[in-house]
Amino acid sequence: MNKTATTEDNIQIASKRIIGSLEGPKKGPLVILLTGMHGNETAGVEAVSSILELLEQRKEEFRGRLLGIRANLQALQHGVRYVDEDMNRIWFTSIIEDIRSKPEHHLRSSERVEVKRLLRILDRLQENSSEKVILADVHTFSAEGAMFTIPGKVNEHRELLSQIYAPMVFGIGESLRGTALKYYQKRGILSFALEGGQHTNQLTQYNITASLFLLLQALGCIKSEHYPEIAKFREHLQSHTRQLPAQTELVYQHMIEDGDEFKMRPGYSNFQKVKEGEWLASDRRGKIEARCDGYILMPLYQEQGNDGFFIIKEHEA
Ligand SMILES: [Zn+2]
């Protein structure tokens, strides 16, 4: 392959990876909105492009920088969670170092190539930023039910995320291994996951748009006087999450292993109450019952994925 073609290829790939960017005239944080880490989760991509469109109209009022990114281009193209391996379970320092040090054709999965290309953008951003960096990793889930956030352990996260009204679920961030979230938290970046709703539910995109708008307001990037939509977004989120516990923590996580033939029983949705002993799912070993009382979170109703369900309980502060 000649050199010119490679460079052009890279530019084309990079331009697809970037949904859009915005830099305001005033100083402020660098906000990175990461979407499509799982290729079947397109509501986040749509939401972020609509946010950028809205902000573009008043960009002279924006403080700081904003960048919207599509993470897993191959999986998004195919409409699948992942092509070879889960892109949000390989962010271990050792794997990331390996990805950084090898040329693309020596990487063993489509997702590792995606991570390498994504790092080219993220590394450069961080190098050039003297301001605070915030990374929101936007996801959706297969069951019906309310949205939530996965914050880090730091108080600053709680304060910030309480302003977008979605319930915070503690402990999942720590229990999921190899997530981008954890990788960036360790590097001192304020990062959290936003789980916006069921993959294809009409409300999901709106949930994500509304909460990211409130996040930008909480960070001081935008002001409500310039965006009349903010009042409407706040009202929506408040009414959507009013009945839910504001802070919860993980008590049980059901892991699926290869060949388990896991099947969730129908009808469960996020934050639905479950009782100890309740029959939740089945696999080749038989019935899977709830180990304790609590709320069920992210019961799995899709083929790909290794987390069958989570049980959470109200957080005792
Ligand atoms: Zn996801």
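Trainee: What is phenylalanine 62 in contact with, leaving aside its neighbours within four places in sequence?
Mentor: Phenylalanine 62 is in contact (heavy atoms within 4.5 Å) with Leu22, Gly24, Pro25, Lys26, Leu55, Leu216, Cys221 and Ile222. Bear in mind that this is a predicted model, where local features need pLDDT of at least 70, side-chain atom pairs count only at pLDDT 80 or more, and totals for chains, interfaces and linings use all residues. Residues are numbered from 1 along each chain as its sequence is written, and side-chain values use heavy atoms, with hydrogens and water left out.

Trainee: Which residues touch the most other members of the largest nonpolar core?
Mentor: Leu55, Phe62, Leu66, Leu212, Phe213, Leu216 and Ile222, out of 42 residues. A nonpolar core here is a set of buried Ala, Val, Leu, Ile, Met, Phe, Trp, Tyr and Cys residues joined through side-chain atoms within 4.5 Å; buried means under 20% relative accessible area with a 1.4 Å probe, protein chains only.

Trainee: Are histidine 38 and histidine 139 buried or exposed?
Mentor: Both histidine 38 and histidine 139 are buried.

Trainee: Which residues does the UniProt domain annotation cover?
Mentor: The unreviewed UniProt entry puts "Succinylglutamate desuccinylase/Aspartoacylase catalytic" at residues 28–206; such annotations may be inferred rather than shown by experiment.

Technical notes: Buried < 20%, exposed > 50% of the residue type's maximum accessible area, 1.4 Å probe, protein only.
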